Amino acid sequence: MRRLLITGGAGFIGSHFVHYWHNKYPADRVVVLDLLTYAGNLEFLSGLEQNTLFKFVKGDICDEQLVTQLIKTEELDTIINFAAESHVDRSIENPDIFVKTNILGTHTLLKVAHKLWIEEGIFKTNHRFHHISTDEVYGTLKPKEPPFTENTPYAPNSPYSASKASSDHLVRAYHKTFGLNTTISNCSNNFGSNQNSEKLLPTVILSVLKGQPIPVYGKGENIRDWLHVEDHCKGIDIILNKGQIGETYNIGGNNEWTNIDLCKKICSIIDQLFREDRTLATQFPECPATKSTPCENLIEFVTDRPGHDLRYGICADKLASIGALNPQPFEQRLTQLIEYYTQAAS
């Protein structure tokens, strides 16, 4: 039986992981710590409230006293750190909060874990600190370059990715210097239900359904590797159970798309769904597909963001060597996500 502290567990990826872990390991104690900023929502944890092995605590990972109290009173032996500011555009507008949460917050968790687990010996050997990071710490790739591996040098290009790179280095240092049992995972772009509407896929889908312009940075040539959030959760599970202490593992979808091609694919799927189900026309009268007009006509190119990385690509062979994700086909996942939004709006 594990006793987990899941920080940022009311956010998009964190909440999916909480449900995933509870369903697979129902005997484990799960404590969620989340400040409930714009990215967190208690509704994402719906259905767990009555479970005696689940507990939600509203709070900040920078609050050393609170983190100490939780680990001590709940006798927690595992920390999975999802808590992070993660939107690149927001990091350009206000880098300070990214430094506070992503660097100082992660350091607070590490400091308390080291003090309690190592110095006080609560779980001196039987503990784990797993840190969730991003492929953006590796910088950018040219179109024909090999994808990122765990040995790719860090070269972050935004305040967001720089703050995540800093937190990764702190996690590694606490393992090397203090003997903390750590692992790190660097994931590619996630997608799935409950994602913040600022992110690309929700923006595109909701814009199409509302008949509004689809904003695409530059010429839409930027390339991302897309990973379904449930496959990300599986990857973390594999690392926690089979990963080697002190190691980093990339979690990717082996699924690279240019932004413009992805937007067109989403539009094509919505066109098809409206042809197959004419009730959608009544539900979304402003959608071009209602009038049998191609949805991709809504695409509108906008001024590119500063320092926009051209391409992210993940090589996840190291993870595959200890466990397989077996993802569903990408188009099937995309269709499911679009149907989720059509049902959520009804």
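User: Which helix does Thr68 lie in?

Analyst: Happy to start there, bearing in mind that this is a predicted model. The helix in question runs over residues 64–74, and Thr68 falls inside that range. Thr68 therefore lies in helix α2.

User: How far apart in space are Thr68 and Asp261, C-alpha to C-alpha?

Analyst: In sequence, Thr68 and Asp261 are 193 residues apart. In space, taken C-alpha to C-alpha, the separation of Thr68 and Asp261 is 47 Å.

User: Are α2 and α4 roughly parallel or oblique to each other?

Analyst: The axes of α2 and α4 come within 10 Å and cross at roughly 40°. The crossing is right-handed. Angles under 35 degrees would count as roughly parallel; α2 and α4 are therefore oblique.

User: How many charged residues does the contact of α2 with α4 have?

Analyst: From α2, the contact draws on Glu64, Val67, Thr68, Ile71 and Lys72, while α4 brings Thr108, Leu109, Lys111, Val112, Leu116 and Trp117. By class, six of these residues are nonpolar and two are polar. The number of charged residues is three.

User: How is α4 oriented relative to α5, roughly parallel or roughly antiparallel?

Analyst: Helix α4 covers residues 95–119 and helix α5 covers residues 159–178. The two pack with their axes 8 Å apart, at an angle of about 15°. That angle is under the 35 degree cut-off, which makes α4 and α5 roughly parallel.

User: How many nonpolar residues are in the contact of α4 with α5?

Analyst: Among the contact residues are Phe98, Ile103 and Leu110 of α4, along with Tyr160, Leu170 and Phe178 of α5. Lys111 of α4 and Lys164 of α5 also take part. Seven of the contact residues are polar and two are charged, while the nonpolar ones number 11.

User: What is the handedness of the crossing of α6 and α8?

Analyst: Helix α6 spans residues 200–210 and helix α8 spans residues 259–276, with axes that come within 10 Å and cross at roughly 40°. The two helices are therefore oblique to each other. Their crossing is right-handed.

User: How many polar residues does the contact of α6 with α8 have?

Analyst: On the α6 side, the contact is made by Leu200, Leu201, Val204, Ile205, Val208 and Leu209. On the α8 side, the contact is made by Asn259, Leu262, Cys263, Ile266, Cys267, Ile270 and Phe274. By class, 12 are nonpolar and none is charged, with the polar count being one.

User: What is the volume of the second largest cavity?

Analyst: Searching the whole structure turns up two cavities of 30 Å³ or more. The space in the second largest cavity comes to about 40 Å³.

Terms used
Residues numbered from 1 in each chain as written. Predicted model: local features only at pLDDT ≥ 70, side-chain atom pairs only at ≥ 80, totals over all residues. Heavy atoms only, no water. 1 Å grid on protein atoms, 1.4 Å probe; cavity = no way out; pocket = protein on both sides within 12 Å on 5 of 7 lines; lining within 4 Å. Points joined across faces, edges and corners; volume = space filled by probe spheres on them. Axes fitted to C-alpha atoms, helices over the stretch in contact; angles between N-to-C directions. Helix = DSSP H or I, 4+ residues; strand = E, 2+ residues; numbered from the N terminus. Parallel < 35°, antiparallel > 145°, perpendicular 65-115°, else oblique. Contact = heavy atoms within 4.5 Å. Nonpolar A, V, L, I, M, F, W, Y, C, P; charged D, E, K, R; others polar. Left-handed = near helix turned anticlockwise from the far one by under 90°.
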